[in-house]
Amino acid sequence: MAGFFQRLMPKRFRKKGVTIPVVRLHGAIMTGGGQFRPVLNLATVAPALEKAFARKDAPVVAISINSPGGSPVQSRLIFQRIRSLAEEKDKKVLVFVEDVAASGGYMIALAGDEIFADPTSIVGSIGVVSGGFGFPELLRKMGIERRVYTAGENKVILDPFQPEKEGDIEYLKTLQLEIHTVFIDMVKARRGRRLADDPTVFSGLFWTGTRGLELGLVDSLGEMRDTLKRRYGADTKLELIGSARTLFGRKVPGVVFGGGHAGEIAAGATAGLAASLEEKALWSRYGL
């Protein structure tokens, strides 16, 4: 609406320069999250993406990424939503990597028509990883007996309270290879001939932005503000698109929090601690 009224004004009263909407996708990619532990998933980022692509006068949508990865499903869903909106609204997408766009973070970055990175950014890690802990000896030492009753011989596959089984590990690796293949196909489809013919590209290694440029994982080295002003003019303005807010300035929640019962709060705290440890492990892989 503001753009409509601005077009009705005489040229001398109109604002100079273009305004480019910016969406910040920062954090680990996983389901859940909350007010004090923001994470990236389709539910949390979709509203901001919809608002950004709805800006009719904007020549492009800029996306800032800082993520060590996480859920391959949520990473792909976010990627698909960005590409769907870009095609629907006929807008180009410029992605700017800050500290890290690795694993699922890089999968999301593939949604950009161009990818920019700082020379010291970390990019890549095109692979799949699964991790966990095993506790069978701990239970034995504590005198605890594990009792599980199933219908289906594989219902307790990869149970952390039982010794590892070779067949379970082989099955997990099969799943990882399937997901890795999907990831590789996405990189090839989006980066095309820009990719270097280097066998390490899909090995799970990660690189600096400088090396990422040589490998064809990014298009240029540069920072968002300077790049956009250089491309669209010195009067270019960046508008950060955030979550919707109420009249009192509070964010409209995308997740419903617990009802306050002691059991629910305790369970939520335990789950939150586990998720926080998982998130920390994701970041620590890249030394950040």
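Is threonine 19 counted as buried, exposed or partly exposed, and at what relative accessibility? Threonine 19 counts as partly exposed because its relative accessibility is 34%, where buried means under 20% relative accessible area, exposed over 50% and partly exposed in between (1.4 Å probe, protein chains only). The model is predicted, so that local features need pLDDT of at least 70 and side-chain atom pairs count only at pLDDT 80 or more, while totals for chains, interfaces and linings use all residues. Residues are numbered from 1 along each chain as its sequence is written, and side-chain values use heavy atoms, with hydrogens and water left out.

Threonine 19 belongs to strand E1 (residues 19-26); strands (E, at least two residues) and helices (H or I, at least four) are DSSP runs numbered from the N terminus. Although 218 residues separate threonine 19 from lysine 237 in sequence, their C-alpha atoms are 4.6 Å apart. Beyond neighbours within four places in sequence, threonine 19 is in contact (heavy atoms within 4.5 Å) with Ala58, Pro59, Lys237 and Glu239.

Helix H3 comprises 18 residues (72-89), and its buried residues include Ile78, Phe79, Ile82 and Leu85. The buried residues of H3 pack against several elements, among them E1, strand E2 (60-67) and helix H6 (166-191).

Within helix H6 lies histidine 180, which counts as buried because its relative accessibility is 18%.

Conventions
Expected span 1.5 Å × (residues − 1).
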